[in-house]
Amino acid sequence: MIIILLGEGCNISWNMQKINLKGKSSIFEWFLSVSFQDVNYIIDKILNDIPIEIIQRNNERDIYLDTTEIRSAHYSLTNFPDRLQRRVERFKNDILSNEQILFIREEHNAYKTTESDIHAFKNLILSFNPNCNFKLLLLMPFEVRWDLLQIKDVYHKENMRDRFNLLSYIQEIEKDFSK
């Protein structure tokens, strides 16, 4: 199973390292991506071979992906372009691979991911590869409790930082792939 991290921030990458499941970095890792709409915007550009600009805004240290609010202080205009290109190609190859894919995203407490966001995401992936076999693990912020989204192949779970549960969620989903 391929695991692709969709951000919201660095915490998901650190937690994947803790359970020894951290693979090569994805496009959205080590970036802050509050809005799932911004993630969909970048994925749309990737899957349609539209270049993603890397921008540094006035008097800011962070770089941004295109016109979105997705930003990082871990990279610069000089050290990220090659990484971005590798990650874009890996993303497309993974989706075309027809292997089982688990996308994982932590929600940000300032933005509640909507059914519309998820359906747009699923449509983007399936328009690029109609045979893509994927599921999405959406981790609710531990600071808030929202109604769980009930969407096929989406696992909307609580993210309880006092009780590490990421591995059990991944194992549950892995079993569901086998059904």
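This is a predicted model: local features need pLDDT of at least 70, side-chain atom pairs count only at pLDDT 80 or more; totals for chains, interfaces and linings use all residues.

Colleague: Okay, start with α5. What length should it span, and what do the end C-alpha atoms say?

Modeller: Helix α5 covers residues 166-178, which is 13 residues. At 1.5 Å a residue it should span 18 Å, and its end C-alpha atoms are 19 Å apart, which agrees.

Colleague: And which residues in α5 are buried?

Modeller: L166, Y169, I170, I173, D176 and F177. They cover an arc of only 120 degrees around the axis, so they sit on the same side of α5.

Colleague: What covers the buried residues of α5?

Modeller: Several elements do, including the strands β1 (2-5), β5 (100-106), β6 (133-140) and β7 (154-158). Helix α1 (11-18) is part of that cover too.

Colleague: Then let's look from α1. Which residues are buried in α1?

Modeller: I12, S13, N15 and M16 are buried in α1. Their arc around the axis is only 165 degrees, which puts them on the same side of α1. The buried residues of α1 pack against β1, β5, β6 and α5.

Colleague: Next, α2. How many of its 12 residues are buried?

Modeller: Nine of them, so α2 is mostly covered. The buried ones are F36, D38, V39, N40, I42, I43, K45, I46 and L47.

Colleague: There's a lysine and an aspartate in there, I see. What do the buried residues of α2 pack against?

Modeller: They pack against β3 (63-65), α3 (81-96), β5 and α4.

Colleague: What should α2 span, and how far apart are its end C-alpha atoms?

Modeller: α2 runs over residues 36-47, and at 1.5 Å a residue its 12 residues should span 16 Å. The end C-alpha atoms are 16 Å apart, which agrees.

Colleague: Which contact is there at the start of α2?

Modeller: A side-chain oxygen of S35 reaches to within 3.1 Å of the backbone nitrogen of Q37.

Colleague: Changing topic: aromatics. How many aromatic pairs are there in the whole structure?

Modeller: A search finds nine. One of them is Y75 with F80, a tilted pair at 4.6 Å centre to centre with 40 degrees between the planes. Both Y75 and F80 are buried.

Colleague: And F121 with F134, how do the planes sit?

Modeller: That pair is edge-to-face, with 6.1 Å centre to centre and 90 degrees between the planes. It links distant parts of the chain, since F121 is in helix α4 (residues 115-128) and F134 is in strand β6, 13 residues apart. F121 is buried, and so is F134.

Colleague: Which residues do ring pairs link into a cluster?

Modeller: F36, F91, F103, F121 and F134. F36 is also one of the buried residues of α2.

Colleague: Which charged side chains lie over the face of a ring?

Modeller: R57 lies over the face of Y64, at 3.7 Å from the ring centre. K135 lies over the face of F177, at 5.0 Å from the ring centre. F177 is among the buried residues of α5.

Colleague: Now the backbone. What is phi like at W30 and D49?

Modeller: Most residues other than glycine have a negative phi. W30, though, has a positive phi near 65 degrees, and D49 has a positive one near 55 degrees.

Colleague: Where are those two, and is each buried or exposed?

Modeller: W30 is in the loop between α1 and α2. Its relative accessible area is 14%, so W30 is buried. D49 is in the loop between α2 and β2 (54-55), and at 57% relative accessible area D49 is exposed.

Colleague: Last one, H156. Where is H156, and what does its side chain contact?

Modeller: H156 is in strand β7 and is buried, with a relative accessible area of 5%. Its side chain makes a polar contact with the side chain of E107, at 2.7 Å. The backbone nitrogen of L149 also lies 2.7 Å from a polar atom of the H156 side chain.

Colleague: Which other residues does H156 touch?

Modeller: Leaving out residues up to four places away in sequence, H156 touches L138, M140, D147 and L148, among others.

Definitions and conventions:
Residues are numbered from 1 along each chain as its sequence is written. Side-chain values use heavy atoms; hydrogens and water are left out. Helices (H or I, at least four residues) and strands (E, at least two) are DSSP runs, numbered from the N terminus. The expected span of a helix is 1.5 Å times one less than its number of residues. Buried means under 20% relative accessible area, exposed over 50%, partly exposed in between (1.4 Å probe, protein chains only). The arc is that of the directions from the helix axis to the C-beta atoms. Contact means heavy atoms within 4.5 Å. Rings of Phe, Tyr and Trp (its six-membered ring) pair if their centres lie within 6.5 Å; planes under 30 degrees apart count as stacked, over 60 as edge-to-face and the rest as tilted. A charge sits over a ring if NZ of Lys or CZ of Arg is within 6 Å of the ring centre and within 35 degrees of the ring normal. A polar contact is a pair of N or O atoms within 3.5 Å; within protein, one must be able to donate a hydrogen and the other to accept it, and residues adjacent in sequence count only if both atoms are side-chain atoms.
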